[in-house]
Amino acid sequence: MTAKHVITFSTWFYLGIFFLYLFGPLAVMGVTAFNTPSYPQAFPFEAFTWHWFAVLSEDKDVLYGFTNSIKIGVLVVCLSVPLGLAGALVMQMVYSRARSLYYLVVVSPVLTPGVIIGISTVIFWRDFTTLTGMRFMYDGTVLVVLGQSSFIAAYCMLIILARLQRFDRGLQEAALDLGASHTQVFFHILLPFLRPAMLSAAVLAFLSSFENYNTTTIAILADKTLTTVLAGRVRQGSTPAISALAVVIISVTVIAAILYEVLRRRDDARKAIQLRNAATAEAMELSPA
Amino acid sequence: MTAATGHWLVLALPVLVLAFFVISARLEKRSIASFWRRNGTAVSIYLLGAVGLWAIFMIVLPQLFMVEMSFRPKLPPTQMGGPRDIYTLQNYKYFLFGSTSSTDSWNVIHLRAFAITIVASVLITLFNFAFCYPLAFYMAQVATAARVRVLLLMLIAPYWINEVLRAFALRVIFAGSGVLNRALQGMGLITEPFDFLGADVAMYVGLSYAYLLLLVFPLYNAVESLDKRQIEAARDLGAPWWHIHLFIVMPHAKPGIASGCTLVFMLTSGALAAPLVLGGPRTLWFTPIVYDRFYQAFNWPQGAAYAFILLLTCVAFVLAVLRLSRLSLGEMTK
Amino acid sequence: MTADVVLDDVTVRFGPFTAVDHAQLRIEPGEFFSFLGPSGCGKTTILRTISGFIQPTEGAVRIGGRDMAGITPNNRPTALIFQNLALFPMMSVADNIGYGLRVRGQSRRKRQARVDELLDLIALSDQGGKMIDELSGGQRQRVAIARALAVEPQVLLLDEPLSALDLKLRQHMRRELRAIQQRVGITFIYITHDQGEALTMSDRIGVMNAGRIEQVGRGRDIYDDPKTEFVASFVGENNALPGRVAAVAEGLAAVETGFGLLRGRNPRGLQPGQPAKLFVRPEALRVRPQGFAADVADIAYEGNLTHISLRAGDTPLAMLIGAGDHTQPPNIGDHVTLGFAEHEATVLPAGP
């Protein structure tokens, strides 16, 4: 065996081990969802069944946690995207000396362990609401949204900032020159340009919120989300209904990914046609008329 | 000083910081007026309001309040803010000595948990690095673009699943009657099921598994930016492969390595899901202990103190990494 | 409806740097006026000051008699065409053109009517639905102009709009722009570094250098009758012969140069003893039996013109012979004597 063969072989071997490590547990769990024993078991595989999916669909706690997670996810998007947008815009306007301090402050939640964010959020808002009498704000859902948004807004900000840096300031000036007010420029020119980034940020925000555990489990107080229900179930020892849930989640994400790829391909094709039109127009203009 | 005054002091802090910003802006000859003019009234209000809400009420003040609370005694709600609510180090004493007053004996359990958490996190980070580096290098320099796309997709896919479920998946595998035990028994390596969960092996594997991806990405990005020709030139000159990696690729990838390792360390030491799901009854991991102080012992000041200790550890780690790798924060977070 | 533009002693400073230095000028209503000068001469600054993006450090800008101090760009009766056009990529051609009307609250129907009108003006009648990305360079130019005209400005400001186009298109667009201006009848203020553009399109030209407006006048006047050294050498090609004024008489000056005593017009009233430069255009130089000596260094034949490069001592000179001159061009290496008519040369002060 030559050296090249050794390298190729070990590369494939390494990749195999890597992805076995990564996918193995999930595959095993997927199998247990369809297996009959009432505790998650992959091997031996006794009989194929959909039973656990039915159990899942009747699980009140899981369903409640699911809807609550969705509700919180939507609220987090509604809070984080505007905050991230403002953060990105201000980042561009802040002069350089203050910029690093500003950056440090707004990115710090990303680096802070989720547990600490949860704790600090709860402590602060408990004291703040008693101080200012806004007791209604001291509620699990509100606290989770606030806690999660503190770092999810930073993700949004970074995504929007990347697109913002490619923005042609001249467009703003042109709109102003044509008589638009600043608010009109914001809504007619800036936001449409940032739309793709804001959509990505929204999707990321929702997904990050939905699957968050550390911050959520502390800030949720007495309420429940899907992740906290799961954690509770898993610790108590559970039925393969949990595995069934995992299979459902996997399928949904795979379908979503495929949809995304299809949409992206279609968008690329449309752009190619536009460019072709422009080139044709250009050529017609330069040829002797 | 009573806590009541302390509270107002803490609230006043951001106002002071803002004042600092305004004053230094004046000094640099920019003014609030030009900001207002550049953006129009409505947009300016939105920008300042949103950033103010976010930076002050969601980031700075909660941290300050948490730190402040860690220096207060545990009191029933009626007595908070009253005369008995004074600043004290008793929560930190508890962490070290197991009691708020005496310093006779060390708080062995918590201190051990803390030490294990730190050491294990470092080791897990190093292991993850060693495990991920070849893949990152392969994707960045060797594989074709199409294959990289496929690999990226395959890498991200498992992480669409919630970390709790992933920990659960590992639990299924490591359980007494799980796949691993059955396989080992089947191969004749062991006769009785081995308690992976109780021995914390499952937990360590789970912790490594949880954040593998987060190391691949920064590494991949960092290595990708290296000009392939440098490697080829070195190989041409006869450098052995380990030399190339140690002295050419890794120094170039330093920011990526630093940021990836920092992220993994902080997430691992602050992990809650994997220890809870995969740990046994006697598992020692620091973050579940923090959680316990809060919601089992209902001792919020103590929970705050423990949380603050964790935060300081993370900050210390980041600073150490920055110093060791001679990078600045901005370079690293790219 | 259009208006005049008055720059009343306008000075614009950025810190220690003076971009515009005491500009005093009145641009007539309905005039096509160009600011001509090299990069960094301040013409863009002047344009942005008129449009409201920059506030003058001193002096005032008046449009139609109204002082524009403190009035923001969106409230001025001006429209600016940016160098890179700044067309909105997320909107169609029709939406781009109609944007100014949209922000003024006009209804969709009224907007559509005006947009159609403008599409006809720029000869893109059925292209309203296209996106900007699908247009050629020339088409985008026209859309930019239509967009600016839609808001019926009293003054249209153009910031080197043709510089990104290739040669043939540029020449075509020059005629187009001029035609549109004459049809619409409003004041156009145009800035460029290309003198060919300025000369063909403008009613009057303001030549700028290092923040100062050095001369204002019709193209012909600026070309034939430059008042400063910079204008003489920037507009068109010119030969500069340095020396000192020896004598003055009847609007002429005799300058003692390295090639002998040469005479030219004396528009600035220079006195004997003053250092001066005598400017004579390449087309005014002739091979004469009497004059000063020069060697032919190079000949470039261009069909309708022949460019001849000569050296007189250390000084390079340029001569131009038209195909219609019916003179025999010299050969390379020839030793010739050059002369010119007195009234075709101008004597101007040398140095700053």
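Student: Which are the buried residues of helix 7 of chain B?

Tutor: They are E163(B), V164(B), L165(B), R166(B), A167(B), F168(B), A169(B), L170(B), R171(B), V172(B), I173(B) and F174(B). A residue counts as buried if 20 or more other C-beta atoms lie within 10 Å of its own, as exposed if 12 or fewer do, and as partly exposed in between, with C-beta atoms placed from the backbone. By that rule 12 of the 12 residues of helix 7 of chain B are buried, so the helix is called mostly covered. Keep in mind that this is a predicted model: local features need pLDDT of at least 70, side-chain atom pairs count only at pLDDT 80 or more, and totals for chains, interfaces and linings use all residues. Residues are numbered from 1 along each chain as its sequence is written, while chains are lettered from A and ligands numbered from 1 in the order in which they are written.

Student: How do you know what span is expected for helix 7 of chain B?

Tutor: The expected span is 1.5 Å times one less than the number of residues. Helix 7 (residues 163-174) of chain B has 12 residues, for which 16 Å is expected, and its first and last C-alpha atoms are 16 Å apart, close to that value. As for the word "helix", it is a DSSP run of H or I with at least four residues, while a strand is a run of E with at least two, both numbered from the N terminus. Chain B as a whole has 17 helices and zero strands, and 39% of its 334 residues count as buried.

Student: What makes G42(C) buried or exposed?

Tutor: G42(C) has 23 other C-beta atoms within 10 Å, so it is buried. You'll find G42(C) in the loop between strand 3 (32-36) and helix 1 (43-51) of chain C. Leaving out residues up to four places away in sequence, G42(C) touches A19(C), V20(C), M208(C) and G211(C). Touching, or contact, means that the C-beta atoms of two residues, placed from the backbone, lie within 7 Å.

Student: What joins strand 4 of chain C to strand 5 of chain C?

Tutor: Two strands pair if DSSP finds at least two bridges between them. Two bridges join strand 4 (residues 58-63) to strand 5 of chain C, and the strands run antiparallel, so they qualify as a pair. Across from R62(C) stands D67(C), in strand 5 of chain C.

Student: Which two chains make the most contacts?

Tutor: Chains A and B, among the two pairs of chains that touch. That contact takes 66 residues from chain A and 65 residues from chain B. Helix 1 (residues 3-33) of chain A gives the most to chain A's side of it, with 11 residues.

Student: How many residues go into the contact between chain A and chain C?

Tutor: There, 24 residues come from chain A and 26 residues from chain C. Helix 11 (241-286) of chain A gives the most on chain A's side, with eight residues.
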